[in-house]
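Let's take a walk through this model together, from its overall make-up down to single residues. Keep the sequence and the 3D view at hand as you read.

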Amino acid sequence: METFMKKVIKMENGCWEWQGNLNKQGYGSFYFEKKSIGAHRASWLIFKGEIPEKLFVCHTCDNPKCVNPEHLFLGNAKMNSDDMRKKNRSFFQKLKEEAHRFATKRGCYKPHPLEVYFEENDIAISKAAKRMKISMSHLHRILRKTHYPSLKLAYKIERYTKGKVSLKEVIQPDEGVL
Ligand SMILES: [Zn+2]
């Protein structure tokens, strides 16, 4: 537990950001008895207890680096399929579910659609920011979903990604209402 907390920085927003190694998806890795496990999973084991088989440790804060036990919850695949059965879903609900399914596959990390686009096309954030004539920090805030782009910028993003990331997706990817 002490070695665990040594690698944590408590952020102003309440997240405990992992300072150790990160994996490809941005999750922290914690080494315990020569084995590596997800730092957020380790946090659950330390502060909360067992992780039942087939359950994921998910983030309420969308920050894969975060290991604050209060920002974690256990999620499962069944919850997703229950969602899928709901009828009359709006466009955003469908989008949300899609994001959620994607997240489950990746172990609950819910990346911003633009981040997925960058990842798939091997585009550096700095380069994209320059092209769209916005600052890096502005783009970072958008990717972290702490800031939603203006309509004008959303159009730019749509153009920049050649329509792969649509206007609707970036205005409010999670809880947006048309
Ligand atoms: Zn957090």
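Two residues are said to be in contact if their C-beta atoms, placed from the backbone, lie within 7 Å. With that in mind, look at contacts in the protein chain between residues at least 6 apart in sequence: 47% of them join residues at least 24 apart. Residues are numbered from 1 along each chain as its sequence is written. This is a predicted model, in which local features need pLDDT of at least 70 and side-chain atom pairs count only at pLDDT 80 or more, while totals for chains, interfaces and linings use all residues.

How much trust does the predictor itself place in the chain? Its pLDDT, the predictor's confidence in each residue from 0 to 100, averages 80, and 76% of the residues score at least 70. Confidence is highest in strand S2 (residues 16–18), at 97, and lowest in helix H3 (residues 77–85), at a mean of 47. Over residues 78–84 the pLDDT stays under 50, and the model has 5 contacts beyond four places in sequence for that stretch.

The protein chain holds 9 helices and 6 strands. These elements are DSSP runs numbered from the N terminus, with helices (H or I) of at least four residues and strands (E) of at least two. Of the 178 residues, 22% are buried. Here a residue is buried if 20 or more other C-beta atoms lie within 10 Å of its own, exposed if 12 or fewer, and partly exposed in between, with C-beta atoms placed from the backbone.

Let's start with the strands, where two strands pair if DSSP finds at least two bridges between them. Strand S3 (residues 29–32) pairs with strand S4 (residues 35–38) in the antiparallel sense, over 4 bridges. Tyr31 stands opposite Ser36 in S4, and Phe32 has Lys35 as its bridge partner there. The two strands form a hairpin with 2 residues between them, and Glu33 in the turn has a positive phi of about 45 degrees.

After H2 comes Gly49, with a positive phi near 125 degrees.

S5 deserves a look of its own. In a regular strand the side chains alternate between the two faces of the sheet. Both faces of S5 are covered, with Phe56 and Cys58 buried on one side and Val57 and His59 buried on the other. S5 pairs with S6 in the antiparallel sense over 4 bridges, and Cys58 has Phe73 in S6 as its bridge partner.

Now move on to the later helices, keeping an eye on the backbone angles. Most residues other than glycine have a negative phi, and most peptide bonds are trans. Asp122, although not a glycine, has a positive phi of about 60 degrees. You will find Asp122 in the loop between H5 and helix H6 (125–131). Asp122 counts as exposed because it has 6 C-beta neighbours inside 10 Å. Lys133 is likewise not a glycine and has a positive phi of about 55 degrees; its place is in the loop between H6 and helix H7 (136–143). With 8 other C-beta atoms within 10 Å, Lys133 is exposed.

Our last stop is helix H8 (residues 151–160), in which Leu153, Ala154 and Ile157 are buried. Seen down the axis of H8, these buried residues fall within an arc of 105 degrees, so they line one face of the helix; the arc is that of the directions from the helix axis to the C-beta atoms. They pack against helix H5 (113–121) and helix H9 (167–171). The face turned away from the buried side carries the exposed residues Leu151, Lys152 and Arg159. Why does Leu153 count as buried? Leu153 does so because it has 20 C-beta neighbours inside 10 Å. Leu153 and Ile134 are 19 residues apart in sequence, with their C-alpha atoms 8.9 Å apart in space. Just after H8, Lys162 takes a positive phi of about 55 degrees.
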